[in-house]
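Please read the points below with the model open.

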Amino acid sequence: MTARPLPTWLTLTTGPAPAVIDGRACRTRAALFDETARVLRFPDYFGRNWDAFADSLGDAVRAGTTTLIVRHAEDLLSAEPPEQYATLLDILAVAARTGLTLTLHTDPAHEPHLRARTTAALTP
């Protein structure tokens, strides 16, 4: 029996699903570590510091997590000094070299601020 083709608007995949993080749950570094550990299933021994985050994120990428989406990205590390956001972006840039893609999602009203904040935080 021949299967009917799927409609063009529908995709069926066996690849890894995107990991979705809610930026509203990640206003602090500690909250980011907790939310990311939950979503990406970091090991119980995850140390909840930047080095451990980088190591665990790298392990997740090597295991097949290739897409990370942050919803409400305007709130991501918003209660932390700007240097913390820059550190996060540096770590994500390293993970991107091994296959991670990142989408920061926000609503149109927050987009200019998020774009400016992100651009300022990126290391030249």
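1. A residue is called buried under 20% relative accessible area, exposed over 50%, and partly exposed in between (1.4 Å probe, protein chains only). Buried residues make up 35% of the 124 residues in the protein chain. The model is a predicted one, in which local features need pLDDT of at least 70 and side-chain atom pairs count only at pLDDT 80 or more, while totals for chains, interfaces and linings use all residues. Residues are numbered from 1 along each chain as its sequence is written, and side-chain values use heavy atoms, with hydrogens and water left out.

2. The protein chain has 4 helices and 3 strands. Helices (H or I, at least four residues) and strands (E, at least two) are DSSP runs, numbered from the N terminus. From the N terminus on, the order is β-α-α-β-α-β-α. Along the principal axes, the C-alpha atoms of the protein chain fill a box of roughly 60 × 40 × 25 Å.

3. Contact here means heavy atoms within 4.5 Å. Of the contacts in the protein chain with a separation of 6 or more, 67% are between residues 24 or more positions apart.

4. A nonpolar core is a set of buried Ala, Val, Leu, Ile, Met, Phe, Trp, Tyr and Cys residues joined through side-chain atoms within 4.5 Å. The largest such core has 31 residues, and the members that touch the most others are F42, W50, F53, L57, L76 and L88. Two or more residues each are given to this core by β1 (19-22), α1 (29-40), α2 (50-62), β2 (67-71), α3 (82-96) and α4 (111-121). The largest share, 7 residues, comes from α3. With residues up to four places away in sequence not counted, L88 touches L32, W50, F53, L76 and L77.

5. How are α2 and α3 packed? Their axes are 10 Å apart, at an angle of about 30°. That makes α2 roughly parallel to α3. For reference, angles under 35 degrees count as roughly parallel, over 145 as roughly antiparallel, 65 to 115 as roughly perpendicular and the rest as oblique. Axes are lines fitted to C-alpha atoms, for helices over the stretch in contact, and angles run from 0 to 180 degrees between N-to-C directions. The crossing of α2 and α3 is right-handed, a term used if the near helix is turned clockwise from the far one by less than a right angle.

6. By class, the contact of α2 with α3 has 9 nonpolar, 2 polar and no charged residues. In this count Ala, Val, Leu, Ile, Met, Phe, Trp, Tyr, Cys and Pro are nonpolar, Asp, Glu, Lys and Arg are charged, and the others, Gly among them, are polar.

7. The axes of α3 and α4 cross at roughly 75° and come within 9 Å. That makes α3 roughly perpendicular to α4. The contact is made by Y85, A86 and L89 of α3 and by L114, R117, T118 and A121 of α4. By class, the contact of α3 with α4 has 5 nonpolar, 1 polar and 1 charged residues.

8. Most residues other than glycine have a negative phi. R41, in the loop between α1 and α2, has a positive phi near 55°. L77, in the loop between β2 and α3, also has a positive phi, near 55°. R41 counts as exposed because its relative accessibility is 71%, whereas L77, at 0%, counts as buried.

9. Leaving aside neighbours within four places in sequence, S56 is in contact with F42, P43 and F46.

10. P82 is found in helix α3 and, at 62% relative accessibility, counts as exposed. The C-alpha atoms of P82 and A121 are separated by 7.0 Å, and the two residues are 39 residues apart along the chain.

11. D107 lies in the loop between β3 (101-104) and α4. At 32% relative accessibility, D107 counts as partly exposed. The C-alpha atoms of D107 and R71, 36 residues apart along the chain, are separated by 9.3 Å.
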